[in-house]
Amino acid sequence: MMTPEEYEESLRKLDLVVYMFGKRLENVVDNPILRPSMKAVAKTYELANLPEYEDIMTTRSHITGKKINRFTHIHQNIEDLVKKSKMGRLLGRATGCCFQRCVGMDTLNALSIVTYDIDKKHGTEYSKRFLKYLEYVQENDFTCDGAMTDPKGDRSLPPHKQPDPDQYVHVVEEKENGIVVRGAKAHQTGAVNSHEIIVMPTIAMREEDKDYAVSFALPSDAEGIIYIIGRQSCDTRKLEGDTIDTGNLLYGGHEALVVFDDVFVPWERVFMYKEYDFASSLVEKFASYHRQSYACKVGVGDVLIGASQTAAEYNGVEKASHIKDKIVEMNHLNETLYCGCIACASEGHKEPSGTYSVNTLLANVHKQNVTRFPYELSRLAQDIAGGLMVTMPNNQDFKSPETGKWLEKYYKTKPGVPTENRMRILRLIENLTLGTAAVGYLTESMHGAGSPQAQRIMISRTVNLEEKKRAAKKLCGIEE
Ligand SMILES: Cc1cc2nc3c(=O)[nH]c(=O)nc-3n(C[C@H](O)[C@H](O)[C@H](O)COP(=O)(O)OP(=O)(O)OC[C@H]3O[C@@H](n4cnc5c(N)ncnc54)[C@H](O)[C@@H]3O)c2cc1C
Ligand code: SF4
């Protein structure tokens, strides 16, 4: 397993083509906007090397028996699934943001199931290829980017009917030693902090779309891959130097548009090739795992609740009954989310490949709650924080001899509470509910692993209505 320092060094060796603010970045690792996101991923390496977190953060490879980081593991039992949820909460609480490494873990697990299922039906050899690749990932303790979401163009049209055929990633050429792919993947979490990028289809497909039914892995610096970094609200505060205005001084996340400009993929890295009948299964397996992964939001919720309680105490309102009740409500919502990710793990099952899958219905119910509760938690946090959270002057004004004394005098609440501490906690709440971390805590909660409607479709498909009708009819004496 890598140490956080080795992880950082390994990223320096990558030759990524990354653009931000219209310019190519020569040094991604030390860029002030991106570095906090690298530090958040590095936390997954740091905790795995600490004895107190060994049980949650590490396990044994089912292929080699060696100790590995859980982020590269294929779940072998229910306990593995439950520990995955606990790991998500732990890291969410430790970083207060998206630590990015789950998408790759969820992709590996989904592929372990679907490559096996394709082989059973079509007599292919994807599973063998995949397990060899997995061993390579585990041996090197790599971070993988899970790339599912295509730009999708006109959403009412399937891939093959798009006016621009590149709106979904597809095969443009077949060669003796591999394939050439073209297209893009949008919103890619942690893309430039990853060693590998694993591509999957994003929707169910029919035969006409078979060139789009493709899954493969590439080194993140493979020739022809281009990264264009997405903006986050308040991102340029990170360029202001040593300032507490960023809210979270240590960690952050990032997303990118990843373009595949005719990229060659050798056969040994191809895990689905035109088996369109398995595209929906891969999407559903990945989505269910990733919906479980939103245990991270519970950890970030822990931070928001802690910040809200602290703000209340600094303001002298922590004993007011409505404030206490709002804190109870925040905890109720947050722990309800925790129940969902533990429940879908505890009710998991073994797939024919041997991999353990989460309960699909419960994973979708959990994610549906995730699309709502962090917004309500944020509303309550902003209520408790007060308006200063959004009207507070710049850190420089606090430092300035002309203005600092006024800010110090008028933003003071009570003896024993340094004004600076009050400012820090309010900036953290701003960061989580309006700033860079709100990308992960709010909008990603809404759309990540599929927009709310995607979960409602899965709930309607997986819930057993007939059983419920039978139960009701039996109790009131209906015999049909
Ligand atoms: C911060 C963040 C991080 C992310 N990280 C990753 C990642 O690491 N990897 C990855 O693969 N993806 C990632 N995603 C992508 C995420 O899965 C998508 O945002 C999600 O699937 C929604 O797709 P979209 O953003 O294109 O929205 P759209 O598809 O445009 O959806 C917008 C609205 O239109 C509706 N809609 C869309 N299509 C249809 C249709 N055909 N019929 C009816 N209604 C429709 C939706 O239900 C929704 O209400 C991330 C997203 C975010 C915001
Ligand atoms: S949003 Fe959560 S589940 Fe998704 S990659 Fe980030 S930390 Fe992991």
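On a 1 Å grid over the protein atoms alone, a pocket is an open set of points with protein on both sides within 12 Å along at least five of seven lines, a cavity is a set of points where a 1.4 Å probe fits but cannot get out, and lining residues have an atom within 4 Å of a point. The model examined here is predicted, so local features need pLDDT of at least 70 and side-chain atom pairs count only at pLDDT 80 or more, while totals for chains, interfaces and linings use all residues. Residues are numbered from 1 along each chain as its sequence is written, chains are lettered from A and ligands numbered from 1 in the order in which they are written, and side-chain values use heavy atoms, with hydrogens and water left out.

The largest pocket holds about 1,300 Å³ of space, a volume being the space filled by probe spheres set on grid points that are joined across faces, edges and corners. Its lining counts 44 residues, and Thr149, Lys152, His447, Gly450 and Ser451 are the closest to the centre. Two or more lining residues come from each of strands S7 (178-189) and S11 (255-266) and helices H7 (279-292), H16 (436-447) and H17 (452-462); here helices (H or I, at least four residues) and strands (E, at least two) are DSSP runs, numbered from the N terminus. H7 supplies the largest share, with 7 residues. By class, this lining has 20 nonpolar, 15 polar and 9 charged residues, where Ala, Val, Leu, Ile, Met, Phe, Trp, Tyr, Cys and Pro count as nonpolar, Asp, Glu, Lys and Arg as charged, and the others, Gly among them, as polar.

The second largest pocket has a volume of about 430 Å³. Gly241, Asp242, Thr243, Ile244 and Leu249 lie nearest its centre, among 22 lining residues. Helices H2 (35-48), H13 (395-399) and H15 (419-433) each give two or more residues to this lining, and the largest share, 4 residues, belongs to H15. Its classes are 8 nonpolar, 6 polar and 8 charged.

Of its 18 lining residues, Cys97, Cys98, Thr436, Ala437 and Gly440 lie nearest the centre. Helix H8 (295-315) and H16 each contribute two or more residues to that lining, with H16 giving the largest share, 5 residues. The lining divides into 7 nonpolar, 9 polar and 2 charged residues.

The second largest cavity has a volume of about 100 Å³. Cys98, Cys102, His290, Tyr294 and Glu444 are the closest to its centre, out of 13 lining residues. Helix H5 (102-122) and H8 each provide two or more of the residues. By class, the lining has 6 nonpolar, 4 polar and 3 charged residues.

H8 and H16 also meet each other. Their axes (lines fitted to C-alpha atoms, for helices over the stretch in contact, with angles from 0 to 180 degrees between N-to-C directions) come within 11 Å and cross at roughly 140°. The two helices are therefore oblique to each other, since angles under 35 degrees count as roughly parallel, over 145 as roughly antiparallel, 65 to 115 as roughly perpendicular and the rest as oblique. In the contact (heavy atoms within 4.5 Å), Lys297, Val300, Gly301 and Leu304 of H8 meet Gly440, Tyr441, Glu444 and Ser445 of H16. These residues divide into 3 nonpolar, 3 polar and 2 charged.
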